[in-house]
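I opened the model to look up rings, strands and confidence. My notes follow in the order I made them.

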Amino acid sequence: MPLSRRPLASLAALALVSAVTACTNAAVGDPIGAPVEQQKPTSTKKAPAQAPPRDRIRLSVENGRQSAGTVIAGAGDAPYNYAPAVMVDNGKVRAWWCSQLSAAPPGGDDILYSEGPAVGGPFSTAVPVFSGSGGSFDAMHTCDPSLIKIGNVYYMYYTGAARDNHANGSSVGVASSKDGITWTREAGGQSIVAPAGDNIRENTYGAGQQSAIYLDGWVYLMFTDTTGLASHQNGAGQYVLRSKDPTFTKGVEALGKQGFKAVTSNNGPRTRSVVEAFSADWMWIEAASSFAIAHETDEGTTITFWNRDFTRHPFEAVLIPGAWEEGPGLLRTPEGHAPADGKDPCGRVGLDVLRGTVEGPAGPTNISHFGLDAVGIKGCVTATEVKALNGFAVPSPERTLDVVVGGNVMRFERRSVAEKFARGVLGTRPQGVDALKLAFTVPAGAPAVTNPAGQVGLLLDGKLWVVGSAEVATLNSSTITPVSADQWARYERLPDLVRR
């Protein structure tokens with residue numbers, strides 16, 4: 001029996017039961033007392049003026065979209081396809097999902113991989129990249145992949161099971177890869193999250209259906225545990241652990257009623273669920289300092305929002321309508337963040353999911369694309385949120401253009417030069433940009449140098465900013481002077497413009 005079916009001849013029905021309450025944004029174990037943002041500061045120093053916290057803002061939706069048919073599917077004898085993880089990575093969309101191929105032993109769930117130019121495809125022929133180990137907790141089944149990239153390493157969190165008869169035997173494992181194709185099991189090949197056993201219910205799935213986000217050095221791991229204390233009576237519930245160790249072997253904290261607290265076991269009592277659902281996915285919206293959780297409800301995929309501290313819902317829930325069976329996979333960056341909107345990154349966020357749409361003879365299949373834009377997030381009001389503008393140009397106070405680079409800005413006197421490097425140009429200056437440091441200015445006519453290899457750089461206050469070709473120097477009306485390789489190497493470097 002496919003792992004995803006979670007005794008699951010009945011899971012589709014269970015998911016629908018949970019959907020009724022999930023739409024309310026409420027979850028068992030919500031925090032009590034004053035939210036963090038409302039607590040009084042202990043310092044007598046006057047705090048800088050800040051925008052009021054977002055609290056259940058109603059978003060409008062635009063640009064609804066849907067693929068004409070199936071987007072990704074297993075080749076050959078794959079009987080089902082569901083629970084995709086979807087990443088936009090180096091200009092292409094990469095997808096991993098749960099299926100089963102006889103060519104990939106042992107005879108259980110496998111994780112397949114495909115890639116394409118856009119979330120709507122077309123995608124390459126699917127290939128199996130991860131299967132049961134033949135021993136340990138994941139001897140037979142590996143399913144429900146979720147991926148993040150930290151530096152140059154991909155981490156995949158997956159559900160494993162040793163047999164078809166789960167008996168609360170599903171657990172979470174982690175593997176690493178340099179390319180997202182060839183994987184090495186981490187944590188000694190053992191599970192990193194197992195069922196807590198707080199409450200043994202009729203639904204004996206256990207722990208799994210995980211989704212990971214990498215945020216400010218922390219890996220946030222959300223997952224189902226049908227034995228969790230705060231789960232619905234049908235087993236629906238989503239719990240959160242976090243750690244700066246991507247293998248979750250040390251420094252783990254669990255989200256409870258009073259926020260994150262250090263724990264000595266990853267399988268301790270589950271006292272707080274962030275949404276009453278199965279098979280959820282999530283991402284971080286940097287421009288609005290908010291988590292967005294995608295989970296299935298009666299009419300499609302509901303997006304429930306939480307602030308960073310899980311103390312309030314900054315936005316009312318949004319629905320992506322249409323057919324579904326199981327496993328929404330959000331289109332995310334390699335860190336698990338929302339891709340920035342190319343025209344209005346501070347005002348809107350694209351919500352695109354792949355999800356199974358048909359209940360086939362063996363399980364959910366026919367993964368299709370659905371999406372829309374949520375508008376009105378009122379983002380980029382702090383120095384942290386404005387990082388979502390990395391690579392965007394905005395008007396500067398000096399009637400020039402500032403380009404956001406990491407946590408700083410570069411000021412360009414020539415608009416044509418700024419546009420050459422910017423991923424987009426905004427018509428207004430978001431509030432949070434004023435909190436960023438001016439790293440350096442690029443005046444028109446700044447001297448330029450070129451090395452014997454033909455690389456070109458501008459000299460700004462004696463420091464070299466490598467711009468690649470002569471085109472930028474020409475746009476900037478800069479005179480180019482040849483220098484030796486030794487002289488080129490001796491220049492102190494300014495950082496390159498970082499694009500995401």
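I started with the ring rule: rings of Phe, Tyr and Trp (its six-membered ring) pair if their centres lie within 6.5 Å, and planes under 30 degrees apart count as stacked, over 60 as edge-to-face and the rest as tilted. By that rule I find 19 aromatic pairs in the structure.

This is a predicted model, in which local features need pLDDT of at least 70, side-chain atom pairs count only at pLDDT 80 or more, and totals for chains, interfaces and linings use all residues. Residues are numbered from 1 along each chain as its sequence is written, and side-chain values use heavy atoms, with hydrogens and water left out.

**Confidence.** I checked pLDDT, the predictor's confidence in each residue, from 0 to 100. The chain has a mean of 89, and 89% of its residues reach 70 or more. Residues 1-26 fall below 50, yet this stretch has 83 contacts (heavy atoms within 4.5 Å) beyond near neighbours in sequence. Residues 29-48 are also below 50, with 23 such contacts.

**Strand β24.** Helices (H or I, at least four residues) and strands (E, at least two) are DSSP runs, numbered from the N terminus. Strands pair if DSSP finds at least two bridges between them. I looked at β24, residues 408-412, where four of the five residues are buried. Here buried means under 20% relative accessible area, exposed over 50%, partly exposed in between (1.4 Å probe, protein chains only). β24 runs antiparallel to β23 (residues 401-405), with five bridges. In that pairing D402 faces R411 of β24. Two residues separate the strands of this hairpin, and G406 has a positive phi near 60°. With β26 (residues 437-442), β24 runs parallel, again through five bridges. There M410 stands opposite F440.

Which ring pair links distant parts of the chain? F412 and W465 sit edge-to-face, 5.9 Å centre to centre, with 65° between the planes. F412 is in β24 and W465 in β29 (residues 463-466), 53 residues apart. F412 counts as buried because its relative accessibility is 1%. W465 is buried too, with a relative accessible area of 1%.

I also noted one aromatic cluster: Y220, F260, W282, W284, F291, W306 and F310. For a charge over a ring, NZ of Lys or CZ of Arg must be within 6 Å of the ring centre and within 35 degrees of the ring normal. R242 lies over F260, 4.2 Å from the ring centre. R308 sits over W284, 5.7 Å from its centre.
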